[in-house]
Amino acid sequence: MSRYARAVRTACLALALLLPAALTTACGGGDDTRVTLRVLASPELADVAPLLDDLARDTGVRLDMSYEATADLAGQPTAAGTSSHSSHSSYDLAWPVSDRSFLLRLQASGKSAARPESTPIMRSPVVVGLTPSVAQRLRKGVPGGRLTWADIADAAARGVVRFGMADPRRSDTGRAALVGVATAAAGTGSALRAQDVSCDRLRGFRSGQTLTGASSRDLLAGYPAHQDRANALIAHESELLSLNATKKLREPLEIVRPDDGMVLSDFPLLLLHPAQREAYRKVVDWLLGADAQRRLMETTHRRPVDPDVTPAPALRASVGNALSFPDRLAVVEQLVDDYGDPTDPTADQVVFLLDFSTSMRGRRIAGLRAAFAGLSGADRSAGGKFTRFYRGERLTVVRFGGRVLQERTVTVRDDADLRALGRVVADGGFDDATAVWSALDRGYRIAADAVRAQPERPVAIVLMTDGESNSGLSYGEFLHRYEALGRTAQAVPTFTVPFGEADAGALERAAKATGGRMVDAGLSSLSEAFKEIRGCR
């Protein structure tokens, strides 16, 4: 019972000696609830239920909770209600994990001025929970043992981390986790912009996802029975602490707060029906009281918003760099669409057509080999960890001069497969001629076979050359053969990387004709050019 409630009860007991009949109802005889508010809440907030009876008794307001809220409060109107309740939301309040996506939807609808009153109630960052053995293994490879999202992505790409995360299409927790990872991958230090949502940067991370759920509550409820399928969970700090407290895990998960930043959720209470403002204020005042803040912290493991409430020991670790949420709905939608259905396979196939004519000798071939080594894991920068080749990815390397010199395909299972592919790039010889269009034709024969064999696997071609085609098929002959392949070829874009004396105009035409694009390695390093286009659709 709160201090407020105890004071009221004491006064009522004293007054009841003088006016017993008149005070029976006013001082809490039976259920003195006077108002019931319908609340659309996130499933993650089911853990506040133990406090609701006390809230009703102390304030006279009962909350009828419906734990069905999605990430953007789908189904709720994008304009705040008026005095007419029936013309707007069927709920009086909303209590989501965050109102970020809902407010972006308001902004996109042009109704930002109608945003509902919103009050943060408690806070929790999105973090990573690792099994102790995996946490120890990862920390050993990082200076100071301070893990980042880049380290998690790198470990996922290598198959070391297999994680569970709520579906970003439905869950605000999953969406906040995805924004955190993508923001760290962009490396700008600010909120994601459309140009920062690069389709290649999260593929390695996504390849490590083995569990999901419509909400993080569903995900965590099912995890104890599926611990063999995942050795990591990405969720709110509060949820992982609560899971550890259930004693249902073989070992408690180690909480990792990524050093490159976290998205912080504030679990706001929103007023959807302005006619209920008085009752809303009573509820908010009660929830923000020191006693309620302390009980919320003890019950849910979330951090209090009241600075005068001392955090529990497990909640005293600094949040550090709080990552900003995007300020445009289109950016969030693009990010979620790129990530796709977490249950779908992520294994793409990329066919690399690499010019090994004699003009590539020296610095050019050294740059090409360094780029491949970087993509194979040698690049330990944050960007390199996000864009490396990943487990399950299918890679084909075709070395060409005046003809195909060597061809090798591997499906990445471990570093041994990448070393085998690296030897093709590192040890090959050169040829005097350059048959660019014959090489691209060979690439499309490989790609068409792959599409027919596994239509669900995305395939792309990367063509790199430093010279004009002086052997083999002409561009017109290639185009005729490409068109004859029909739909299987049309599903496969080509990304061209010209440098040196390459015919950039012809390569750009080929890229556009096949649904791809050209990336000029002269404007960036060859390594960065490969990172930019590898795996993009």
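How many bridges pair strand S13 with strand S16 (residues 459-465)? The two strands pair over six bridges, in the parallel sense. This comes from a predicted model. The report starts with its overall make-up and then returns to that strand.

## Overall picture

The protein has 21 helices and 17 strands. Of its 537 residues, 53% are buried. Take the contacts between residues at least 6 apart in sequence: 77% of them join residues at least 24 apart.

One covers residues 4-31, with pLDDT below 50 and twelve contacts beyond near neighbours in sequence. Residues 81-87 are also below 50, again with twelve contacts beyond near neighbours in sequence. Where pLDDT is low, the predicted coordinates should not be read in detail.

Strand S13 spans residues 349-355. Seven of its seven residues are buried, so the strand is largely enclosed by the rest of the structure. In a regular strand the side chains alternate between the two faces of the sheet. Both faces of S13 are covered. Gln349, Val351, Leu353 and Asp355 are buried on one side. Val350, Phe352 and Leu354 are buried on the other.

S13 also runs parallel to strand S14 (residues 394-400), joined by seven bridges. There, Leu354 stands opposite Arg399 of S14. On the S16 side, Gln349 has Val459 as its bridge partner.

## A β-α-β unit

Strand S1 (residues 35-41) and strand S2 (residues 61-66) pair in the parallel sense, over six bridges. Thr36 has Arg62 of S2 as its bridge partner. S1, helix H3 (residues 49-59) and S2 make a right-handed β-α-β unit.

Asp58 lies in helix H3. Is Asp58 buried or exposed? Its relative accessible area is 10%, under the 20% cut-off, so Asp58 counts as buried. The side chain of Asp58 makes a polar contact of 2.9 Å with the side chain of Trp286.

## Two nonpolar cores

The largest nonpolar core has 44 residues. Those with the most contacts inside it are Leu130, Leu138, Phe163, Phe205 and Ile234. Several elements each supply at least two residues, including strand S5 (122-130), helix H5 (132-140), strand S8 (232-236) and helix H13 (329-339). Helix H7 gives the most, with eight residues.

Beyond its neighbours within four places in sequence, Leu130 is in contact with residues including Ala135, Leu138, Leu147, Ile152 and Val256.

Leu147 lies in the loop between H5 and H6. Its relative accessibility is 2%, so Leu147 counts as buried. Not counting residues up to four places away, Leu147 touches Leu130, Leu138, Val256 and Arg257, among others. Leu147 and Arg257 are 110 residues apart in sequence, yet their C-alpha atoms are 7.7 Å apart in space.

## Loop residues

The table lists how accessible each one is.

| Residue | Relative accessibility | State |
|---|---|---|
| Thr514 | 3% | buried |
| Lys247 | 71% | exposed |
| Phe267 | 1% | buried |

Thr514 sits in the loop between helix H20 (504-513) and helix H21 (526-533). A polar atom of its side chain lies 3.1 Å from the backbone oxygen of Ala511. Leaving aside neighbours within four places, Thr514 is in contact with Tyr444, Tyr482, Val492, Pro493 and Thr494.

Most residues other than glycine have a negative phi. Lys247 is in the loop between helix H10 (237-245) and strand S9 (254-256). Phi of Phe267 is positive too, near 45°. Phe267 is in the loop between strand S10 (264-265) and strand S11 (268-271). Lys247 is exposed, whereas Phe267 is buried.

Definitions and conventions. Residues numbered from 1 in each chain as written. Predicted model: local features only at pLDDT ≥ 70, side-chain atom pairs only at ≥ 80, totals over all residues. Heavy atoms only, no water. pLDDT = per-residue confidence, 0-100. Contact = heavy atoms within 4.5 Å. Helix = DSSP H or I, 4+ residues; strand = E, 2+ residues; numbered from the N terminus. Buried < 20%, exposed > 50% of the residue type's maximum accessible area, 1.4 Å probe, protein only. Polar contact = N/O pair within 3.5 Å; in protein donor to acceptor, adjacent residues only side chain to side chain. Core = buried A, V, L, I, M, F, W, Y, C linked by side-chain atoms within 4.5 Å. Pairing = 2+ DSSP bridges. Right-handed = clockwise from strand over helix to strand, strands pointing away.
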